[in-house]
Amino acid sequence: LSLNGLKPLILNGRIAFGKEPYLTNDVLHDKKVSDKLWIKKHKIKSFAGYPLILGDNLTGLLTVFSENEIRPHTHETLSLVADSLAQGIGRLQVKEALTNSEQQYQTIFSTLTEGIVLQGTRGEILAANSSAQKILQSNFAEMKNNSMNRNNWTNYIHEDGSPFLAKDFPFAQALKTKEAQKNIIIGIIKNYQTTWLLTNSIPLKDSKGQAYAVASSFQDITQQKKLEKQKDEFISIASHELKTPLTTIKSFTEILKMQFQKEEKAQYYLGKMNREIDRLTGLVNELLDVSKIQSGGLTLSKDLIEINEFLKEFIEDIQAAYPNHKIIAQSIIKQYIAFDRHRIYEVLTNLVSNAIKYSPKSDKVILSTEERADKIIFKVKDFGIGITKRDKKRIFDPFFQAQTTIRQSYSGLGLGLHIAKEIVLKHGGEIGVTSKKGIGSIFRFSLPLQTNLKT
Amino acid sequence: MSKILVCDDDPGVLEVIKIILEENNYEVITASNGKGIQKMIAQTKPDMLFLDIWMPGIDGKEITKLLKRDAQFKDMPIIIISALNDTKDIAQEVGADGFLSKPFTITDLLEVVENNLKKK
């Protein structure tokens, strides 16, 4: 049977469109058949067509042309054959898709520079890529023998140098909590050298929600850590070196101020110089703080401090530094709580000097406190230019500075609020801002109402 | 008149502390590095020591710990001076009597001297 010139495609099209089997035993007179010439030439009497349906989709057609009549029984059988064909095609398609996807994942898995390890619930390795073996080296063998949890755990450390206990490993935590453990840093000490790994562990859960395996990724960040350390050391040395001449300049300025006590102009100029020296010192300290925060080295030294006394002293100092603005204290509570005097002083200085900096047309800033069940809230309210909604999200990010429409530039490194946030968070408090453009802002932060110096 | 030994590797800082303290009627001896500081203390018998924690070739922390362990010197107040941000923590860690963060004000300097001489 030559298929050349097989044109009753209109019929096929209809079957495809209707998705229903079709049978005719009088092709020549069937209105749905277009190519009568071909039918005549091959003496075709009957036609049957069956769509091959897979789910909701048509994957093909089975069409039969016959010189004899196709009986209902045959039609039924052919219909069943079509169904089996469809299912067979479906299985083949799934298999091919799986093979492709498997191949894709295998390729990705093996070419990733990140190490990937799939572990069973007892820690046994189910799969690992070559990067994992390269990154983990001899530790990979330990993992493979499942001896990582038992031996040598003192060789694993946190960023601060404290031992990384086996029960705290991201693998163990992912299994226990059934939640992803993200961006955990582990140091591995081998032969007096520390390799730093950034790890992520995700539990794989069955339909009942039980974790049956954990997929972990490992990235070697040793080089990155080394560079960070070098940067921190540089900033530390640089700021130390900068502060030494500042010390001498500041002291001589003060000595001069005492010597020319009766000369008004000299007092004015020297006072200006002294404030600029303080500003320079502040900038150097900010750089040092940020470097410390980024390396996770911000430490607190807490004292039990009476808030009212502390704020009184603070307002006195800051008022002297900004004589053109009035710093007003409102409803300041009397209460002892534990915090780092120097650091919270720094936070307040930041918030108040920001409030002043961004309110060129107003001359007051209000400082108030509020006691809640478990915390004390400090508020700094200004009547300045305010903050846009867009800026509000990024205002506590490092190096951020609000841009104003008149392109007025505000001095500073844009680190103050970031540092303030980190200090407050380290105390276990929160920090935030509410603001209306053109009306002013209220910065508020909380400190937990506790007297324990250690936590 | 109380006698104060100041040890700092920066000549500017050394000079300025000397001027301020002498101006306020203290006797000041200076040392520009920590080498032989124990010998110097034994000879001059100061009432107080200002010690820079970060000097080349010498560990101010170790000196402080050594002096505080020595019966002969342990009652002499030691004030740590440093441009590091955590001068206070370092001072506590090594058992010093006080600290002075650089840069300091004249008031800061005089206060730390008075408070620690009083204690003594």
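Is A:Phe164 buried or exposed? A:Phe164 is buried, with a relative accessible area of 1%; buried means under 20% relative accessible area, exposed over 50% and partly exposed in between, with a 1.4 Å probe and protein chains only.

The model is predicted, with local features needing pLDDT of at least 70 and side-chain atom pairs pLDDT 80 or more, while totals for chains, interfaces and linings use all residues. Residues are numbered from 1 along each chain as its sequence is written, chains are lettered from A and ligands numbered from 1 in the order in which they are written, and side-chain values use heavy atoms, leaving out hydrogens and water.

**View 1. Overview of chain A.** Chain A has 12 helices and 16 strands. Helices (H or I, at least four residues) and strands (E, at least two) are DSSP runs, numbered from the N terminus. Of the 455 residues in chain A, 40% are buried.

**View 2. Rings around A:Phe169.** Rings of Phe, Tyr and Trp (its six-membered ring) pair if their centres lie within 6.5 Å; planes under 30 degrees apart count as stacked, over 60 as edge-to-face and the rest as tilted. Over all chains, the count by this rule is nine aromatic pairs. The centres of the A:Tyr156 and A:Phe169 rings are 5.2 Å apart and their planes stand at 80°, so this pair is edge-to-face. A:Tyr156 belongs to strand S6 (residues 156-157) of chain A, and A:Phe169, 13 residues apart from it, to the loop between S6 and helix H6 (170-177). The rings of A:Phe164 and A:Phe169 have centres 5.6 Å apart and planes at 40°, so that pair is tilted. A:Tyr156 is buried at 1% relative accessible area, and A:Phe169 is buried at 4%.

**View 3. A cluster of rings in chain A.** A:Phe310, A:Phe314, A:Phe339 and A:Tyr345 are linked into a cluster by ring pairs.

**View 4. Helix H7 of chain A against helix H1 of chain B.** H7 (residues 222-259) of chain A packs with H1 (residues 11-23) of chain B at an angle of about 25°, their axes 9 Å apart. Axes are lines fitted to C-alpha atoms, for helices over the stretch in contact, and angles run from 0 to 180 degrees between N-to-C directions. H7(A) is therefore roughly parallel to H1(B); angles under 35 degrees count as roughly parallel, over 145 as roughly antiparallel, 65 to 115 as roughly perpendicular and the rest as oblique. Residues in contact (heavy atoms within 4.5 Å) include A:Phe252 and A:Ile255 of H7(A) and B:Ile19 and B:Ile20 of H1(B).
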